[in-house]
Amino acid sequence: MAARVSTPAFLAACRCQPVPHRPIWIMRQAGRYLPEYRALREKVDFATLTRTPELAAEVTLQPLRRFPLDAAILFSDIMTPLQGMGVELDFEPAPVVRVPIRSAAQIAALPALVAARDVPFVLDTIRLVRAEAPRAVPLIGFAGAPFTLLCYLVCGKPSKEFAAARAFLYAQPQAAELLLTRLADAMAEYLAAQAAAGAQALMLFESWAGLLAPREFARFALPAVQRTAAALRRLDVPLIYYVNQGATLMEAVAGLDVDVIGVDWRLNLAAVRAVLGPAKAVQGNLDPAALFAPPAELERHADAVLAEAGSQPGHIFNLGHGIWPDTDPDAVARLVDYVHERR
Ligand code: CP3
């Protein structure tokens, strides 16, 4: 008889099932706060790292060798599949698009993404990680949410206000909707290919949701995410939607057909859960700055997150946004152990 294998805690929590301990992983857990990542980056530029499966798999696994994390996340970038669609961009280190997309003609000329043809190295990375990662540590595949990708494509580079992207929504709403539809379909294809290659959960990053008023979020960002989510529903893979600065958007995202909503530290998890209801899990939401607190204080801040999340199933501990590059890895080690001990 086959040995009984239990569902990893992270996947159980995604499905609001009971867990033996509170699962934790860290947004941007593979990256510059790790000396071993910086050592590799001295020799290899970021784009090459993401395009070389052996190296991307190695960087994906680096944080797992240090900390008993409950999930791995593919090492790549939200802009990588757009590069595969022929959008020329540089990482400086943030992505900079050489020719921003601002006209209907440019949108019409964007080719559809065929993941196996355009970004085979991402799928090969996933296969390598799955062969090497411990079985209890599921691999998260990811993509940028359509509106967040639109922000980069229209503005060309990161900015506080993403003024050109927001102006584009008002000046050319039909073109914006067309671009969002194209991106939604491309990301559905991309994420389905990641799942087929072995990704056990899929995450959409809506890093710039907080730029939009609820009305514009509901008109532009939400239908595009829903389109991607609907296309992935037939797969038996949990879907996570991370919404940065989404305090005014929770009622809108409650209706999305996804399993988990990730939120930043500005929201109270108890209030978020009350709006989302018992069928959706939540992920978050410690302020990345809390990792700079003295050890005992860091534990109190982790306690506050756990208390707000409550004891009902369906919470994945995480930061509210990506870990900062100047964070001490020892603080991450203490946080992971503490959250596990608290169960
Ligand atoms: O560990 C992980 O989380 C996996 C790897 C990952 C990267 N980017 C690697 C990366 C993930 C999940 C991303 C997603 C991503 N990329 C997002 C969504 C998440 C978020 O933080 O809101 C966004 C908005 C981007 C765009 C991007 N790429 C920015 C703003 C930057 C530069 C600044 C930064 O935060 O690092 C990048 C480059 C990038 N992506 C780096 C890494 C490790 C740094 C590149 C380097 O080593 O020089």
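## A buried aspartate in a salt bridge

Aspartate 259 is buried, with a relative accessible area of 17% (buried means under 20%, exposed over 50% and partly exposed in between, with a 1.4 Å probe and protein chains only). Aspartate 259 forms a salt bridge with arginine 233, their closest N and O atoms lying 3.2 Å apart (a salt bridge is a side-chain nitrogen of Lys or Arg within 4 Å of a carboxyl oxygen of Asp or Glu). Aspartate 259 lies in the loop between α13 (250-254) and β7 (260-263), and arginine 233 in the loop between α12 (214-232) and β6 (239-243), so the pair ties together parts that are 26 residues apart in sequence. Arginine 233 is partly exposed, at 26% relative accessibility.

## Basis of the model

This is a predicted model, in which local features need pLDDT of at least 70 and side-chain atom pairs count only at pLDDT 80 or more, while totals for chains, interfaces and linings use all residues. Residues are numbered from 1 along each chain as its sequence is written, and side-chain values use heavy atoms, leaving out hydrogens and water.

## Other salt bridges

The whole structure contains 15 salt bridges. In one of them, arginine 66 pairs with glutamate 36, with the closest N and O atoms 2.7 Å apart. Arginine 66 lies in helix α4 and glutamate 36 in helix α2, so this pair ties together parts that are 30 residues apart in sequence.

Aspartate 264 forms a salt bridge with arginine 266, at 2.8 Å between the closest N and O atoms. Aspartate 264 is buried at 0% relative accessibility, whereas arginine 266 is partly exposed at 43%.

Definitions and conventions. Helix = DSSP H or I, 4+ residues; strand = E, 2+ residues; numbered from the N terminus.
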